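Here is a briefing on one helix and some aromatic rings. Look at the model first, then read on.

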Amino acid sequence: MSATASSADQKLTGLVAATFAPFTTEGELNLSVIGPYIDYLKDKQGVKSIFVNGSTGEGMSLSVEERKTLAQEWCQKAKGKMDHVIVHVGCMSLKDSQELARHAVTIKADAIAVISPSYYKPSNADVLRSYLQEVASVAPTLPFYYYHLPAVTGVNVPVRDLLVGIKERIPSFRGVKFSGTDLMDFGQCVSQSHSDWSFLYGVDEQLLAALALGADGAVGSTYNYMGCQVNKLISEFGKGNLVEARKIQFKVQDLISFAIQRGVDLGMFKQLMIELSGLSLGPPRLPVKTCPPADVTPIVEKYRSVFPEECPGQTGL
């Protein structure tokens with residue numbers, strides 16, 4: 001599944017696309033698009049790692065069996081093409097999460113990630129750490145990442161508190177998908193990081209700030225269609241060209257701000273991906289509402305004006 005046999009042991013860095021769930025027009029899984037989707041990310045966006053069945057991938061709207069089916073297909077089709085396939089296995093039920101974690105081992109995923117349950121919320125860092133430990137324990141050979149998304153889960157446990165003693169509790173722990181805006185918490189996580197841990201930032205419009213604090217990479221939905229642009233941002237930052245990196249970050253912010261003003265949601269972002277990539281990803285699943293193509297036209301036009309030198313292979317309208 002990986003580009004090399006040892007890629008699962010390599011430190012995870014760079015851009016990771018949070019993939020959309022591919023459906024037919026009838027709302028069933030559309031596995032046929034996964035191969036072309038991977039080729040698009042690799043060849044047109046320069047993105048070589050993916051995070052599947054997460055928030056962008058509507059993981060919480062899928063059955064356990066659907067999640068297994070998708071995860072297996074992503075892993076099979078990514079073999080030799082993607083450096084890392086991270087399978088999100090978080091659920092409301094501990095038993096379901098463990099079932100998905102065991103399955104991730106059998107399909108040779110490169111890593112698993114777990115979001116906190118959000119109905120019965122962990123009351124403190126120790127309870128959350130214990131929950132994560134129970135999931136990780138059934139897949140001890142897979143690198144394990146905590147998925148921090150407080151705006152959605154309502155779990156505001158500081159990640160810096162969660163990390164205390166976590167290596168002893170979860171030997172396979174390798175880092176965090178940090179999708180929160182608390183950059184102080186993020187910075188304190190980085191400052192106490194082990195050398196083999198990866199801190200991946202998940203708020204696309206603030207990536208440059210996170211890079212300055214030591215982020216190893218980023219996971220996000222916009223990297224599905226802005227991956228090549230944000231790769232340039234990371235490259236310019238790495239070369240010390242802060243002014244150029246800032247220009248790209250401001251463009252990303254301009255586009256995202258424009259979309260937010262139009263009431264953007266997951267359905268609209270999915271339709272934007274369809275328009276820019278030409279992939280047949282289908283509608284989202286309820287309760288996410290379907291976005292009519294005409295509603296996303298102004299955002300496509302804004303994209304064209306913000307990034308006139310578009311990535312190769314984007315089809316437009």
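Which elements do the buried residues of α4 pack against? They pack against α3 (94-106), β4 (111-115), β5 (144-148), α6 (159-162) and α7 (166-169). This is a predicted model: local features need pLDDT of at least 70, side-chain atom pairs count only at pLDDT 80 or more, and totals for chains, interfaces and linings use all residues. Residues are numbered from 1 along each chain as its sequence is written, and side-chain values use heavy atoms, without hydrogens and water.

**Helix α4**

- The buried residues of α4 (buried: under 20% relative accessible area, 1.4 Å probe, protein chains only) are A125, L128, R129, Y131, L132, V135 and A136.
- They cover an arc of only 160° around the axis (taken from the directions from the helix axis to the C-beta atoms), so they lie on the same side of α4.
- N124 caps the N-terminal end of α4, with a side-chain oxygen 3.1 Å from the backbone nitrogen of D126.

**Aromatic pairs**

- The structure holds ten aromatic pairs (Phe, Tyr or Trp rings, the six-membered one for Trp, with centres within 6.5 Å; planes under 30 degrees apart are stacked, over 60 edge-to-face, the rest tilted).
- The ring centres of Y37 and W74 are 5.2 Å apart and the planes are at 70°, so this pair is edge-to-face.
- The pair links distant parts of the chain: Y37 is in helix α1 (residues 34-45) and W74 in helix α2 (residues 64-78), 37 residues apart.
- Both Y37 and W74 are buried.
- F178 and Y201 form a stacked pair, 6.2 Å centre to centre with 20° between the planes.

Conventions: Buried < 20%, exposed > 50% of the residue type's maximum accessible area, 1.4 Å probe, protein only. Helix = DSSP H or I, 4+ residues; strand = E, 2+ residues; numbered from the N terminus. Contact = heavy atoms within 4.5 Å. Polar contact = N/O pair within 3.5 Å; in protein donor to acceptor, adjacent residues only side chain to side chain.
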